[in-house]
Amino acid sequence: MLRARPSSTSRAQTRRGDQQQVRGPVPAWVLALVPAAFLLVFFAWPVANILARGASTDGLVLLARPQTWRIVEFTIVQAVLSTVLTVLVAMPGAYVLNRYAIRGRRVLIALVTVPFVLPTVVVGLAFRALLPADWIGSLAVILLAHVFFNYAVVVRIVGGLWGQLDPRYMQAARSLGATPWQGFRTVTWPLLRPAVLAAAALVFLFTFTSFGVVLVLGGPTTTTLEVEIFLRTAELLDLPGAAVLAVLQMLMLAVVLLVAARLQAGTSVAQRLRVPSARSLTRPRTPGQRALLGTVLGSILVLLVLPLAALVARSVRVRDGWGLTYWRALGSIDAGTTRFAPPLDSIRVSLQYAVVTAALAVLVGGLAACAVAYAGRAGRVLDAAVMLPLGTSAVTVGFGLLIAFARAPLDLRGTWVMVPLAHTLVAVPLVLRAVLPVLRSIDPRLRQVAATLGARPVRAWASVDLPLLRRALVVGAGFAFAVSMGEFGATAFLARSDTPTLPVQVVRLLSRPGEIPYGAAMALATVLMVVTAGAVLGAEALQGRGQAGR
Amino acid sequence: MRRVVVQSPPVLVAVAGLCALALAACSAASGSGAGTPSPSADPSLTAAPPASFAPATITLLAHDSFAVSKAVLAAFEARTGITVNVVTGGDAGQVVNKAVLTAGAPEGDVLFGVDNTLLSRAVDAGIFAPYKPAALAQVRPDLTALVSGSVGYAVVPVDYGDVCVNIDDRWFAAKGVTPPSTLEDLTKPAYKGLLVVENPATSSTGLAFLLASIARYGTSGWQGYWARLKANGVKVDDGWTQAYEGDFSDGGKNGRRPLVVSYASSPPAEIVYASDPKPTHPNSSVMLDGCFRQVEFVGVLAGTAHEQAARAFVDFMLSQPFQADEPLSMFVDPSVVGTPLPPVFTAWAATPTRSLSLPPAQITADRAAWVDAWTQVVQS
Amino acid sequence: MSGPVPGSERVVAALALREVCVGYGERAVLDRVWLDVAPGQVVTLLGPSGSGKSTLLQVIAGLLVPDRGQVLWDGHDLTAVPAHRRGFGLVFQDALLFPHLDVAGNVGYGLGVAGIGRAQASARVAELLDLVALGGYGGRSVTTLSGGEAQRVALARALAPAPRLLLLDEPFGALDRELRDRLAVDVRALLHQLGTPALHVTHDLAEAELVGDRVVHLADLARPV
């Protein structure tokens, strides 16, 4: 049987039946070394440590209790519902914000990313302030809060790809007689599906392991697996039970991720990628387009802006009227005690962690994306492995890190690096999900052209694929930054410095009675919102500049 | 199209790899002594540390609510030459659990924040190096009794407080209703739908209230009490913040329930943390029946390299400057008898004459079972 | 002319293909192909769609390793030489311009890779843009070009590093008849002016005759000698 081989030095594509496997400039396993090592050392080893502590059959008794399975059932149900709801609600937003030329588009995109960052306790209180009391504790509120948090995930991941789809495909379909809906269903949707699946998988992951939201807004019948694991580990020190539940959670998520990864790889189609220029954005002209724009803006206003506005309003609503008392208190509350942390210091610390996290996450996540894209079926193992930290209880990871790196020469506990490491673990999956669909959509022939023009394989990749990836990398970096700014669970656990990060400080303020700490917490939460929005806006601006042909 | 044979799902490979690592870690962990440290060949139980030191730095591990005035701490540092690095990370349970997990290779030198619900767990794990300071003689006898005997002075009581039901007086005055005065009152129809409590599984405040009910009604009667509470419309929040700031009518702005499980020190805290002009009296008061005594302890961590300096710090926590600072810094009562209290405390902090309590060893042994049973009764 | 003429092996062909075989699965796409392209000559390969024309170009360019056979340049076997060192330019049917670079960036890409200085490179880019009658287009974004303009930029890009052989894969397939005829004539004139040998594949006879000095049917090449 005759078979053609790709040129080993120019790494062109192989044809195997109907499936094309694009190869990278460097063997996939080389690309996978750094991400795999990172995961092994900072995730697998710590988790293994904590599971080992719980290794005994005592924990299995938990599996016999019906309560455990009720919790599992609820966890799955609310995650599925949250995912479906978020995707449905956010898809129009993804479209409008990435295809319409509207004034302040970039600001809007930054705005919808802010909720993603906020500490869950803060959001919980904001929702409680807005909604009638009997809503609290119901499934509906939890779903609403999940949509609030994850709107940005869909808008950015799906919207990112949508903004780069060649509009001529739709035009071709329309010219062949398809209605807009038919055109969407038969032309746009197949091309968009990988991104939608990626975003859905991520939203499912987040909502499945949702902890803070459920804790704050949930009620008697609404507990998730994550909360249970937290209680067993952090409060009851029932490590065997926690270990059993943690493994159960990981297995369930692993199955879901596997399915999602297969669906994604099979539907990715190489199509000509266009760098979005001003010309590919349309101005909404028809009544239908205007109505869509209005609906999206309205839903963003109600769903996202209103709770945030409530936060800001709370921070300036003093006992009688309005005032800046709480803002001024920020600089003086607890001023004489060891608990005092100047807000500016907290901002600085949070930013430092965020920058380090973003850089690390882009490096590890970018390499992982390339390894997954160029490795074919074997790449799915790495894909799932990268996502695992998101599906593992933060407490498990946090505790694991503590005991794994407890002895010299690897005693990292006193160092500042632990917190960014924990943040990176949850940021890398986001980078991967943002970069991978774009990577898979790049026409491999472009690199062939570069080769014929004399570029060596690595140079060809760096000068052709990498610039096309830049936007996705910046999106990933933005998400990593945002996640780091708002991360609370692992940080509160691992942080060793005297200066707490912003979210930690917000929560500490909330744990005290009295109106001043409460108002100050709202003020600090506002600061957190503003800083994040500014950073995300900056990322948008940075990746917008330097695009040829604008 | 060629059919592709599916090999074992790659993700299960990844998870299997994880389990293999767990086995490896298991054998590694069993090699290292994760249990009790050997008694060091060092100072006796009561040996006081020297008056001054070569400069040293010690790390204090504490929960998030720990605070001391900088001036007070600075005076200590100047006097002894010890620099104190305060590291807070989580609530009391989390701090203790972290210490238990890292026993033998502790993250710090001194641990503050173990309370009576966690005491046995901590002591059994052997994370402390016992020390009986001279100043212990001035501590309230009922508190000292907790650390003698089997505890062997592993820790020293530093402060105490009470978890009680807080009452919104304004609400009751407006409705013309007499507030409840006993635990049993809370189950009466007059107070239906007015109480909010915290989940004992997720909140130490909630746990304290549960323990109070067990102490009052006994191990066979407490479940009936909670069934009556549930029938009377009790609301359960997952944490103190949600209960006090969210549902308590005197706490946040939207609260509708005038009875909440909180601290005896919440009313004076309300005044201290109010914006100017500060109110002359708090809007809430404390139900003196059914309070549960919470005691907090400090201990020198076993395995520390700075045992002497750590002991000096423990002495400092029992000294008057620190004890007098406690009420306004942490809103707790000092454990040393005769410590002067600030006016807002003497005026508005209620001290129940008889708080409920349970033996720490019993708490540690039965807590999980009690919480499970509570969940069955209240949350099903 | 197909197959070797006895005694003609000594004729120095610029490009020579000897017994090149490429197969996918059971299908033989190229079966023992022989081909010679003389220096300065433009050869057109004519064949219907799916007859392996693109595959042949990929083999010559070094993007695909044949199962058997050799690609020779000036008598030297190129099997071990990777694509980026062969110095063969390639123009696709869809121009495949780099979307993130402007016109000048595209045309100058090969020069940048070769490390040619900025001043020298931009002079060469300008020269080539004039050659393809797109003078002054350097700063344009590639997304604003028409089909014919894009093809000409692709041509300029391939020619900028002065390749020793140009491969054209149905370069005018996407254009209208009139444009195609015009461009075909222009391209042929350009190639002769530069003296660059070229191998041009197409399924259109008229185009073949306009461009190529010599037209060969792919089917003839595939027939074993």
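**Reading chains A, B and C of a predicted model**

Colleague: What makes the radius of gyration of chain C agree with that of a compact globule?

Modeller: For 225 residues a compact globule would have a radius of gyration near 17 Å, and because chain C has 17 Å, the two agree. Along its principal axes, the C-alpha trace of chain C spans about 50 × 40 × 35 Å. As for the contacts in chain C with a separation of 6 or more, 72% of them come from residues 24 or more positions apart.

Colleague: Which strands make up the open sheet of chain C, and in what order?

Modeller: Chain C has 8 helices and 10 strands, and 5 strands form this open sheet, in the order β7-β8-β9-β3-β10 with parallel pairing. Neighbouring strands of the sheet are turned by 20° against each other on average, direction ignored.

Colleague: Why are β7 and β10 of chain C said to stand at the edges?

Modeller: Each of them, β7 (88-91) and β10 (214-217), has a single partner strand, so one side of each is left without a neighbour in the sheet.

Colleague: Why is Pro279(B) called exposed?

Modeller: Pro279(B) has 11 other C-beta atoms within 10 Å, and because a residue is exposed if that count is 12 or fewer, the word applies. Pro279(B) sits in the loop between α9 (266-272) and β9 (284-301) of chain B, and, leaving aside its neighbours within four places in sequence, it is in contact with Ile271(B) and Ala274(B).

Colleague: How many residues does each of chains A and B give to the contact, and what kinds does the side of chain A hold?

Modeller: Chain A gives 65 residues and chain B gives 62 residues. On the side of chain A that touches chain B, the largest share, 8 residues, comes from helix α1 (residues 28-53) of chain A, while the residues of that side divide into 40 nonpolar, 9 polar and 16 charged.

Methods
Residues are numbered from 1 along each chain as its sequence is written. Chains are lettered from A and ligands numbered from 1 in the order in which they are written. This is a predicted model: local features need pLDDT of at least 70, side-chain atom pairs count only at pLDDT 80 or more; totals for chains, interfaces and linings use all residues. Two strands pair if DSSP finds at least two bridges between them. Helices (H or I, at least four residues) and strands (E, at least two) are DSSP runs, numbered from the N terminus. Axes are lines fitted to C-alpha atoms, for helices over the stretch in contact, and angles run from 0 to 180 degrees between N-to-C directions. The radius of gyration is taken over C-alpha atoms; the globule rule is 2.2 Å times the number of residues to the power 0.38. Two residues are in contact if their C-beta atoms, placed from the backbone, lie within 7 Å. Ala, Val, Leu, Ile, Met, Phe, Trp, Tyr, Cys and Pro count as nonpolar, Asp, Glu, Lys and Arg as charged, and the others, Gly among them, as polar. A residue is buried if 20 or more other C-beta atoms lie within 10 Å of its own, exposed if 12 or fewer, and partly exposed in between; C-beta atoms are placed from the backbone.
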